[in-house]
Amino acid sequence: MKLVFLRIGLLSCLLKLLVLSALAVPAWAQFRVEVTGVGMTQLPVVIAPFKGEAAAPQKLASIVQADLERSGQFKGLAAGSVLLDETSRPDWSPWRQLSAEALVAGSVTRLADGRFDVRARLWDVVKGQEKSDFKDTVSAGELRLSAHRMADWIYQQLTGTPGAFASRISYVTKAGDRYSLWIADSDGENSKSALTSPEPIISPSWSPSGTQLAYVSFELRKPVVYVHELVTGQRRAVANFKGSNSAPAWSADGKSLAATLSRDGGSQLFRIDLNGGEPRRLSSSGGINTEPAFSPDGSALFFVSDRGGSPQIYRMPAQGGPAERVTFSGTYNISPAVSPDGRWLAYVSRIGGAFRLHLMDLASGQVTALTDTSADERPSFAPNSRLLVYATIFQGRESLMTTTLDGRIKARLAGQGGDIREPHWGPVRK
Amino acid sequence: MTKKFLASLLFVALLAGCASGVKLDDVPVEDKSATSSGVSTQGIGNDQNGAQTGVSGVVVDKSGSGIGPVGVAHVVYFDYDSFVVRAEARPVIENHARFLQANKQRKANLEGHTDERGGREYNLALGQKRAESVRQALSLLGVSDSQLEAVSYGKEKPVAQGSAEADLAKNRRVEIRY
C-alpha cells in the first residue's frame, strides 16, 4: 500500500516547529491526510505556491492540492520554486515535460481593512490557454474556507461536477471520559468544539441549512435527542420521552426530524415536528425499527429493522406505510445513507465477523464492498455525492476515513489524542 | 436547583460514610432529576480573526446517581444476541421487585448495554430490548410500570474494555439504577 503524507494547514509563523514535527506529532496539526491507493485516471495538476501566502496565515496552495487529491480525481505535481501568480504568462515547456494538464497560480493580498483578497487563474497546459479566473475576499479566519472554495472551483472546471470541499463535517471524540462534538472543515482541519460532556454523544446530523445539528446526548442518564444552534450554542431537547430517544434524521425542509423512540415499547420510528406537537408514529412492526434516513426528494424513508429476523435495510413512504426490503444478502445490514443525487445507498454489512462499508446502486441493486477493514461505521455522503466519510478502526485506533465511491482512494482524517467517531458530512457553505 | 443537587450529593456522601445498618426505606434520595445542572454556553461563534466559525461551545457537567437495595447485585447479564433473562438472574430481579414494591415512591432506571460489535444506533436498539426484558420481568412480579424506565446505552458504556469473549460477556448487561 502506497502512503503519501500531506501535511496541511501549517501556519507560517510556526515554521520553526517544522523541525520539531519530524520528532513529534505537533499538537496544532490536528489532522493528517493519508491517501492510500492510487486510482486509474487521475488528472495531473500543478498548484503553484500563491504569491503572498508566506505572509498569510494559511498556505492556500497546499490546502487546495490536498482537497483535490482526496477526491481521487487529481494527482498534484510538485511546483518546485516557481514564482507565478494569476497575472503571469507561464512558460509551458516545464509543465508539459511533467505531463501536467492544468496549472493554477494566484495571489493572496492583505487589504487595508485587514481582510484578504484571494485571486487565482486556471490554465489548460495542453492547449496553453487560460481557462477560468477565481476571486474571493475574506477575513483571515476564512482563508481556509476560501482555499476550499478554490478547490471546488477547480474541481468544477476540470470535471464538470460541483465540488464539495467548502463544506463541514461533524464528529465526536472520546478522550479519557470526556466526549466532545466537533465541527471541522471537510478536510478535518480547523475544528471547533460545539459540545463537551462527561456522557456519550452519538449520531450528530446536520440540518439541511448547515446551521443546526441534531444529536443524541446521554447527559440525562438516557439517550435524549437535542437540536443545537451552532452560532449561538443554544440547544434544546426535542425528544426526551420515557425510554430511549435516538437516531435523528432531518427532513429535507428542516422542519421536522425522523427519530427512534421507545416510549411505546420496542424501538419505533416517529416524525417529530420541530414547532411542537405530538410525535407521529411511522413504523408499526414489532421489534427494532431505527436509523431512519430520508431519500433526497423527501418522499421515502430508509431504515433498519429486524422484522425479518435479522437487521436489514427497508424503505417506506416518508409519511409511513408499507415497507419494502432493500438489502437481501447477508444477515446484518445497518446504517443506511442515501447519496444526495439519489443514486447510491451506502451501508455497513457484516461479512464473516467483519463490519464493512458497502455501496448499492439503487437502480440496479448491485452491491460493492468499499473497504477491507473490519469495524466500519456510520457512512455519510459528501454534498456532491462523490465521496463518503465513515468511521473505522485503523491501526488500532478509532479513525475517520474518506473514500471515493469506487473504493480506490481513501484518505484518513487522523486526529490527535482520543478516538474519533460518528462523522456526518454537512452541506456546502454559502 | 444547584443547592438541592449539592445537598443531595452531601446526603449521599454522608450515607456512604455511615455503617451499613442505615435504613433506606424512607430515604428521599434524588434520582434522575439530578440532571445536567451545569450546562453552560459560551459564545465562540466568531474567532479571534473575526471569522464566522458559526460554532459556540457548550459544556455539560456530570449527573448524579441514587441508592437502591443494599447488598443486592444491580447487574443482569445476557447471552450473545439474546434478550432472555437467564434463570440465574431471577433472585436479583426478585430482590429489586421487593424493594420497589416496598418503596412505591422510588423509581428504577433499567439501563441496557451491549458488547462492542456492530453499529452504535443498532446496539442502542438491542440494549433497549434487554432493558425491556428486565422491565417485563419486574412488572410480572408486581412492580408498577410508573416506577420503571427502560433505557439503553447501547455499546457506549462497556465495563470491560477488551475484545475477548469474557469481556464482551461482561458488557452484555442491564444495570438497575436508582
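Reply: Helix H3 of chain B lies across strands S19 and S20 of chain A, running at about 150 degrees to S19(A); axes here are lines fitted to C-alpha atoms, for helices over the stretch in contact, with angles from 0 to 180 degrees between N-to-C directions, and contact means that C-beta atoms, placed from the backbone, lie within 7 Å. Helices (H or I, at least four residues) and strands (E, at least two) are DSSP runs, numbered from the N terminus. This is a predicted model, in which local features need pLDDT of at least 70 and side-chain atom pairs count only at pLDDT 80 or more, while totals for chains, interfaces and linings use all residues. Residues are numbered from 1 along each chain as its sequence is written, and chains are lettered from A and ligands numbered from 1 in the order in which they are written.

On the chain A side, the order S19-S20-S21-S22 makes an open sheet of 4 strands with antiparallel pairing, where two strands pair if DSSP finds at least two bridges between them. S19 (289-294) and S22 (324-325) of chain A are at the edges with a single partner strand each, so one side of each has no neighbour in the sheet. Within the sheet, S20(A) (residues 300-305) and S21(A) (residues 312-317) run antiparallel and are joined by 6 bridges, and A:Ala300 has A:Pro317 in S21(A) as its bridge partner.

On the chain B side, H3 (120-140) is among the elements against which the buried residues of H2(B) pack; buried means that 20 or more other C-beta atoms lie within 10 Å of a residue's own, with C-beta atoms placed from the backbone. Those buried residues are B:Val92, B:Ile93, B:His96, B:Phe99 and B:Leu100.

Methods: Buried ≥ 20, exposed ≤ 12 C-beta atoms within 10 Å, placed from the backbone. Contact = placed C-beta atoms within 7 Å.
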